[in-house]
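Thanks for coming, everyone. I'll keep this brief. Let me put the structure on the screen.

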Amino acid sequence: MAESTPLGFQSATTEYDDYRPPVEGTIPAWLSGTLIRNGPGRFTVGDRRVNHWFDGLAMLRRYAFDDGAVRYANRFLRSDAYADAEAGQLTGQFGTDTRGWRRVLDTLRSFGLPEPTDNANVHVARIDGEYVALTEAPRRVAFDPETLATRGEFTFDDDLTEHITAAHLVDDPHHEELIGFATQFGIQPQYHVYRVPRDSRRRELITSIDARGPAYIHDCSVTDRHVLLVESPLTLSVWRALNPFSEGAIDMLGWEPEQPTRLLVVDRESGELVAEPTFAATFCFHHVNAFRDGGEIVLDLIEFPDSDIVGALSMAELDSEGFPDVPDGRLMRYRIDPATAALDRTRLYAGGMELPRVPRSAVGRRHRYAYGQATDRDGATGLVKVDCQAGTAQEWWEESVYLEEPIPIQRPDGDAPDDGVVVATALDATQEQTSLLVFDAETLTLQARVALPHVEPFGFHGRFFPDE
């Protein structure tokens, strides 16, 4: 590992079971529940370093809130990929593959994808009462929410074909179901859009849509009546995957800027594709939210002008002096008229933004505020709250502090959409300290800082599970 490797991309070496950190400031007594985050925690196997941030071994992180106190734990997912790493072997991941010519046979067997990894390091969900770690490969791993101990592979009770799958499942509290999608390769590739009702582990197919490419799609949104996918011209090629010197699924990707981006709007009940407007090539990792506004549909998301962000997150780019300079995402509002397929795009925030969230109660409904990681300042990442109605924004920054995905949590029985807190982990690069920060959701005033026992590697996504 290069001496210049930033702290957030160095491997964690210790697991904590029930660490009780001191709290500086005050955490509201009403905040009761558990935030579980997921992300890469180990980047080296022997003397080999993974090629891409997405390939680090999954490490779960648990922050349990109770009466103003916090209990912390972290644990590596004991997956097959972890066992291989313990044996000194790097297995096929997003951008790291050491199988050489054996990859060709594996690829042909699986219609263009390498043997799917169970390194579920992207997100978490609660499915049929089980807590599950998710990635974009069609393998999921269940874990204990108290100890973070791995329980084994999680499988759905259905036979839906999937070669790539959604790591972001939309948790819609109004319909009491999860919404996701899967990509199937073949002569005519397809996207399968599905729902998972609460207390079920059987996916119900909403519809199957013929794919162009297919595209690499990371996220989706819902309204009370629709599911929305954004199909960018970042395509996945079976033929590129056949190269025995390929480093992983990343080498299947090809940016085709002459092709348009297609927005797919699906009726949640009938499965009808009610609109599919196209526009100039863009790329999107993460959606914010969607809702109906009269006869129109509004979708907020983070847009990039091209796919350079994917390569910018390779370890070759991240292992450099200082902290990485990656492209900034743009918070955009798409307004769609399904009757005419007309599409209007407007930028909502002038700064750079990623990892957006709205309060859970706003999912699929009209939202006023969007919270996210502010990205366009040298030497730090901050917190931004965008008022999507007024067109204004509030920001919080500290020098040399790198804030991760913010999670807005509403106060139980609170009336205002920003009556609550925002919690986020943040790395102070100067102090070499990761802390859990608790902000007032209305003002972004920092209410509490909780110093964790070690520097956490930068993670991806998490969910807050309130006590029931």
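Which residue does the side chain of glutamate 162 meet in a salt bridge? The partner is arginine 140, at 2.9 Å, N to O. Glutamate 162 sits in the loop between strands S11 (150-154) and S12 (164-165), and arginine 140 belongs to strand S10 (residues 140-143), so the pair ties together parts that are 22 residues apart in sequence. Both glutamate 162 and arginine 140 are buried. Keep in mind that this is a predicted model.

Now a second pair. Glutamate 276 and arginine 212 meet through their side chains in a salt bridge of 3.9 Å, N to O. The two are 64 residues apart, and the pair links distant parts of the chain. Glutamate 276 is in the loop between S22 (273-275) and S23 (278-279). Arginine 212 is in the loop between S16 (204-210) and S17 (221-222). Buried or partly exposed? Glutamate 276 counts as partly exposed because its relative accessibility is 34%, between the 20% and 50% cut-offs. Arginine 212 is partly exposed too, with a relative accessible area of 44%.

Arginine 357 has a relative accessible area of 18%, so it falls under the 20% cut-off and is buried. Glutamate 405 is buried as well, at 3%.

Let me stay with glutamate 405. What else does its side chain reach? The backbone nitrogen of glycine 462, at 2.9 Å. Beyond its neighbours within four places in sequence, glutamate 405 is in contact with residues including Arg37, Leu355, Val423 and Phe460. His461 is also among those contacts.

His461 comes up again with isoleucine 36. Isoleucine 36 lies in strand S2 (residues 33-38). Its relative accessible area is 0%, so it is buried. Histidine 461 is 425 residues away along the chain, yet the two C-alpha atoms are separated by 8.6 Å. Setting aside neighbours within four places, isoleucine 36 has contacts that include His461, Gly462, Tyr131 and Phe143.

Valine 438 is another buried position, with a relative accessible area of 0%. It lies in strand S35 (residues 433-440). Not counting residues up to four places away, valine 438 touches Ile27, Pro28 and Phe65, among others. Val423 is on that list too.

S28 (residues 353-357) runs antiparallel to S29, and three bridges join them. Glutamate 354 has glutamine 373 of S29 as its bridge partner. On to S30 (residues 380-387): seven bridges join it to S29, again antiparallel. Tyrosine 371 stands opposite lysine 385 in S30. S29 and S30 make a hairpin with two residues between them. In that turn, glycine 379 has a positive phi of about 80°. How many of the nine residues in S29 (residues 369-377) are buried? Seven, and the strand is mostly covered.

One last number. The salt-bridge count for the model is 37. Questions, please.

Definitions and conventions:
Residues are numbered from 1 along each chain as its sequence is written. This is a predicted model: local features need pLDDT of at least 70, side-chain atom pairs count only at pLDDT 80 or more; totals for chains, interfaces and linings use all residues. Side-chain values use heavy atoms; hydrogens and water are left out. Buried means under 20% relative accessible area, exposed over 50%, partly exposed in between (1.4 Å probe, protein chains only). Helices (H or I, at least four residues) and strands (E, at least two) are DSSP runs, numbered from the N terminus. Two strands pair if DSSP finds at least two bridges between them. A polar contact is a pair of N or O atoms within 3.5 Å; within protein, one must be able to donate a hydrogen and the other to accept it, and residues adjacent in sequence count only if both atoms are side-chain atoms. Contact means heavy atoms within 4.5 Å. A salt bridge is a side-chain nitrogen of Lys or Arg within 4 Å of a carboxyl oxygen of Asp or Glu.
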